[in-house]
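Trainee: I've got the model open on my screen. Can you walk me through a few of its features?

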Amino acid sequence: FWLGFGIGGDYPLSATIMSEYANKKTRGAFIAAVFAMQGFGILAGGIVTLIISSAFRAGFPAPAYQDDRAGSTVRQADYVWRIILMLGAMPALLTYYWRMKMPETARYTALVAKNAKQAAADMSKSLQVEIQEEQDKLEQMVTRNSSSFGLFSRQFARRHGLHLVGTATTWFLLDIAFYSQNLFQKDIFTSINWIPKAKTMSALEEVFRIARAQALIALCGTIPGYWFTVFLIDIVGRFAIQLLGFFMMTVFMLGLAVPYHHWTTKGNHIGFVVMYAFTFFFANFGPNSTTFIVP
């Protein structure tokens with residue numbers, strides 16, 4: 001609940017904040033760079049898990065599950081996920097602190113809160129230049145930008161309904177594919193024999209190997225995809241990147257799913273992993289980034 005209400009609500013607002021500060025020429029790159037931090041967060045989570053699990057694995061060796069069911073999960077293994085979870089709370093706490101220190105955007109302060117003086121002061125602080133408020137111009141802008149229709153009115157639906165439905169639907173459809181890919185990574189890696197069967201490992205060994213595989217996918221597919229978007233979005237355009245991403249995700253997913261028996265045969269897992277990494281690359285050099293930027 002709090003993930004959705006907190007971070008899930010905060011990171012779309014990050015796009016809004018950046019779009020209101022950025023100029024038109026490089027707005028796409030700036031918003032994409034905000035979202036690209038997610039890739040480093042995914043990698044950081046994998047690295048933290050690798051460090052914690054490898055430390056416990058070295059300190060508390062255990063037999064494989066098939067050799068000793070009870071002994072394969074040592075008592076100290078219970079601390080691993082707790083430590084990882086507690087370390088994950090630290091970035092959230094820092095985010096809360098920095099959000100408290102961050103001023104409201106000048107666009108909101110001026111046009112919605114109608115406080116030109118505060119907007120000028122905030123912009124002066126951010127840009128490190130002296131800006132004088134002009135109340136008369138502000139009132140003209142408010143009048144020009146004011147809407148006589150509400151969010152759920154017929155006029156809004158006629159003007160922007162298709163934009164809203166199109167953006168929301170593409171994001172929804174992307175999430176079905178993208179998040180299920182993440183959720184089932186462990187089972188996919190096992191099926192193609194990239195990591196051993198769970199029964200052949202101890203609990204700590206399994207955590208280590210899964211984290212290592214996920215970190216490699218993030219490093220080779222996820223992060224490059226984000227930064228290709230950052231560097232190319234204001235050159236290629238949002239729409240083209242979104243179309244390309246959806247198309248290439250479709251191609252690579254069909255390429256993995258149709259000849260699935262071929263990929264699960266021992267010795268073919270390298271080709272599967274490369275194509276699987278490309279699905280993440282084109283998700284992020286594609287709709288996972290553009291559905292964040294287009295709105």
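Trainee: Which handedness does the crossing have where H2 passes H9?

Mentor: Keep in mind that this is a predicted model, where local features need pLDDT of at least 70, side-chain atom pairs count only at pLDDT 80 or more, and totals for chains, interfaces and linings use all residues. Residues are numbered from 1 along each chain as its sequence is written, and side-chain values use heavy atoms, with hydrogens and water left out. Helices here are DSSP runs (H or I, at least four residues), numbered from the N terminus. A crossing counts as left-handed if the near helix is turned anticlockwise from the far one by less than a right angle, and right-handed if clockwise; for H2 and H9 it is left-handed.

Trainee: And how are H2 and H9 oriented to each other?

Mentor: The axes of H2 (residues 27-59) and H9 come within 8 Å and cross at roughly 165°. Axes are lines fitted to C-alpha atoms, for helices over the stretch in contact, with angles from 0 to 180 degrees between N-to-C directions. Angles under 35 degrees count as roughly parallel, over 145 as roughly antiparallel, 65 to 115 as roughly perpendicular and the rest as oblique. That makes H2 and H9 roughly antiparallel.

Trainee: Is Ile210 buried or exposed?

Mentor: Ile210 sits in helix H9 (residues 203-236). Buried means under 20% relative accessible area, exposed over 50%, and partly exposed in between (1.4 Å probe, protein chains only). Ile210 has 12%, so the residue is buried.

Conventions
Helices (H or I, at least four residues) and strands (E, at least two) are DSSP runs, numbered from the N terminus.
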